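This report covers selected local features of one protein model. Please look over the sequence and the structure before reading on.

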Amino acid sequence: MPRQTLAIIFVFCGATLTVAAGLDARVATAAEPEAKPAAKYSLRDTVRGRVVDERGNPLADVIVSDYRARLWGKVNDVVTDSDGNFRIAGRPGYWRRGTLIARSRNGELQSYVEVEEAHALPRRLEIVLKPAQKVLVTVVDDADKPVPSATVEVIGNYASVATGTTDDSGRAELLFPADVKVDWVLAFKDNIGFDYYENYIAYPTADRGVVPEQLPLRLDGARPRVVAEAKTHDGKPVAGIAVAVWVIKKPGKVARANVGGSYTTRRTTDADGKAYFDFLPTNGSEGISFLAHSDDYHSTEGLHIGPGGDDLLPITLKPNGAIRGRLTFADGSPAPQILLQAEGNGSPHYFRGFARSDDEGNYSFSVYADQTYTINVLDDDWAAASRTGERVNLGDKPHEVNFALIPGTLIEGALSIGPDNAPSVGATATLTQEPQFVRWSTTDQRGHYKFRVGPGTYKLLFPHGMEPHEVAVRVTDQASIVHDAHALRKDRDQLRGDVRRASDNAPVPGALIFAESIGSPGHAGFHAVADAAGRFKTERWLDRIFVVARDPFGNQAGMTVISEDDQLCELKVAPAARLVGRVVDEQGQPISKARVQCATWLPNALQPPRDENDKAPRLDTTVYCTGDTAPDGTFSFPALPVGAKSGVYISWKDRSEGWKTFEITEPQEISTGDIVLKPPKADAPK
């Protein structure tokens with residue numbers, strides 16, 4: 001018989017700024033008396049452990065931090081006792097795959113620990129402190145003068161792991177755990193600017209380099225103050241909203257920096273609902289995206305400013321709604337300490353949140369209004385039929401959803417790889433349920449995954465390259481359903497590359513490489529920058545891939561297609577074309593800051609087979625770049641390879657113009673002429 005006793009559980013919560021999962025609302029049902037409020041934290045959301053030195057001796061007075069709590073603008077720190085022991089609590093679902101940082105008071109010893117899922121009383125987590133890594137950051141302005149009092153931050157695994165401030169000489173030494181994968185090191189100062197160091201040579205990739213001991217960053221100008229203004233849908237200002245810089249890119253960088261996990265760049269709205277950003281760079285090449293977070297409100301639109309002079313970021317907020325209820329066993333007794341997951345489908349923000357039942361079985365979610373939800377029980381021993389189509393509208397009373405727990409069905413199996421059927425350790429099995437619910441299980445050392453579910457129809461997905469890749473699963477009252485999968489090889493691998501000029505075979509230092517998978521639109525491509533010898537290395541999907549290389553000056557370009565088995569990508573660049581044009585309104589007046597998307601399509605000769613009547617460009621075999629029109633309405637895209645097809649798509653406010661395509665036959669300037677953006681027709685569908 002499955003257990004009904006208390007256990008400690010490590011559970012995963014995807015840490016994004018748009019997750020909201022509160023447990024403070026009161027719970028009532030029509031058939032039962034009003035219950036007590038659910039507890040905010042429980043033992044099953046608490047990690048216990050001990051910190052020791054490299055000889056195994058316990059360490060007192062060590063700070064242990066749940067650093068992802070900073071995503072909510074809160075610091076969750078505890079200090080070890082005389083025996084090195086600590087306990088640290090998190091929100092429901094926090095520890096399915098969480099992280100902790102432990103550091104000595106002076107920061108000289110640090111450790112970064114990933115907390116894995118464990119569904120029984122776990123052994124105590126032991127953290128070994130080791131010497132921290134150091135980086136000396138030097139910050140200068142656009143005149144190469146030192147910038148004192150600049151903020152410096154290290155972002156590792158997409159969240160803040162160290163912060164500091166430059167001295168009078170513009171220098172700051174930061175200490176951070178040596179075992180964390182650093183993504184970016186950033187620096188900024190109000191009215192001076194923003195810069196970041198990329199700790200990779202290609203993107204996206206899991207590869208991260210070793211952070212240099214000394215690192216220069218340059219603040220080359222700040223745009224005028226951007227004011228984030230948070231108001232409710234009826235125009236009332238909202239204080240206390242955390243507004244974070246999310247995605248930002250400067251020219252010459254390999255990729256956009258995802259700094260949503262930064263602790264120092266976020267701002268909080270004041271009594272007038274305003275937050276101020278005075279450090280954003282003047283030359284953000286693709287605009288800047290933001291995130292807003294509150295436990296009580298949610299934003300109703302995507303938050304983005306263009307690279308031009310926009311100085312206002314309006315944030316429209318709606319109050320959250322509530323889903324609450326009670327969990328019981330078959331005999332009607334309360335089911336305590338059970339984790340639940342809710343997913344909502346609505347525009348523009350998808351909701352995923354977690355809640356846990358208290359000792360009387362009560363639970364509560366704080367959710368986004370005007371969305372439809374699916375709610376499921378997540379537990380190793382208990383399950384329930386999913387509740388789908390649960391609609392929460394703005395202003396509704398708390399939405400009641402109760403669950404009667406059953407033993408359920410265990411969907412499980414083993415994933416293997418290679419000719420010797422070795423366990424695929426750390427792979428992800430995905431379980432989905434219509435209309436919108438997703439769960440994940442990471443394979444253990446045996447390659448084993450598992451999900452306990454209630455009755456229903458599910459889809460089981462295995463990693464790319466595994467057979468089977470997708471399995472439909474119908475659950476009634478089976479005790480267990482087993483599905484194994486096998487891959488002949490891993491789905492991603494390393495790729496080396498070499499970029500040279502076609503004319504003299506000389507290497508092209510700093511060449512920019514862009515790539516997209518052919519026929520696999522769900523697989524991200526990669527970006528890379530060649531070194532001084534014209535070489536690059538990246539991680540890539542084992543697909544056929546369309547690759548474009550451009551010299552750093554925008555004068556030459558080349559392209560090729562690599563196969564699933566290629567380990568080397570050789571590219572030759574030659575004089576290339578330039579696409580120019582102008583965007584105007586119906587009166588012929590130039591439109592400034594219109595968004596222009598330029599595509600380079602895989603040439604027809606290299607396209608995968610398809611219906612002979614299908615003449616449209618294959619958008620899943622396309623390399624894109626974007627920009628905005630200048631004050632005179634003009635735009636320019638250099639380095640388009642001869643032999644390809646290129647096109648532009650224009651959008652501005654409520655106007656857009658579909659793809660205009662051009663064959664690139666010569667290394668010359670190609671003009672689109674004036675592209676007229678007309679207002680939408682009154683009867684046009686929205």
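## Basis

The model is predicted; local features need pLDDT of at least 70, side-chain atom pairs count only at pLDDT 80 or more, and totals for chains, interfaces and linings use all residues. Residues are numbered from 1 along each chain as its sequence is written, and side-chain values use heavy atoms, with hydrogens and water left out.

## Aromatic pairs

The whole structure contains 18 aromatic pairs. Rings of Phe, Tyr and Trp (its six-membered ring) pair if their centres lie within 6.5 Å; planes under 30 degrees apart count as stacked, over 60 as edge-to-face and the rest as tilted. One of the pairs is F277 with F279, which is edge-to-face, at 6.1 Å centre to centre and 65° between the planes.

Both F277 and F279 are buried (buried means under 20% relative accessible area, exposed over 50%, partly exposed in between, with a 1.4 Å probe and protein chains only). Ring pairs also join F277 and F279 to F188, F194, Y196 and F290 in a cluster.

## Charges over rings

Y196, a member of that cluster, has K253 over its face, 4.9 Å from the ring centre. Here a charge sits over a ring if NZ of Lys or CZ of Arg is within 6 Å of the ring centre and within 35 degrees of the ring normal. The charged end of R492 is placed over the ring of W541, at 5.0 Å from its centre.

## S656

S656 belongs to strand β56, residues 655-663. Strands (E, at least two residues) and helices (H or I, at least four) are DSSP runs, numbered from the N terminus. With a relative accessible area of 40%, S656 is partly exposed.

Apart from neighbours within four places in sequence, S656 contacts Y649, I650, S651 and L677, where contact means heavy atoms within 4.5 Å. A594 is 62 residues from S656 along the chain, and their C-alpha atoms are separated by 9.3 Å.

## Backbone geometry in loops

E434 and P435 are joined by a cis peptide bond with omega about 5°; P435 is in the loop between β36 (428-433) and β37 (437-442). The bond from E467 to P468 is cis, with omega near -5°, and P468 lies between β40 (466-467) and β41 (470-475), in a loop.

D61 is a residue other than glycine with a positive phi, near 60°. D61 lies in the loop between β1 (46-52) and β2 (63-66) and is partly exposed, at 37% relative accessible area. For D370, phi is also positive, near 60°. D370 occupies the loop between β29 (362-367) and β30 (371-378); its relative accessible area is 25%, so D370 counts as partly exposed.
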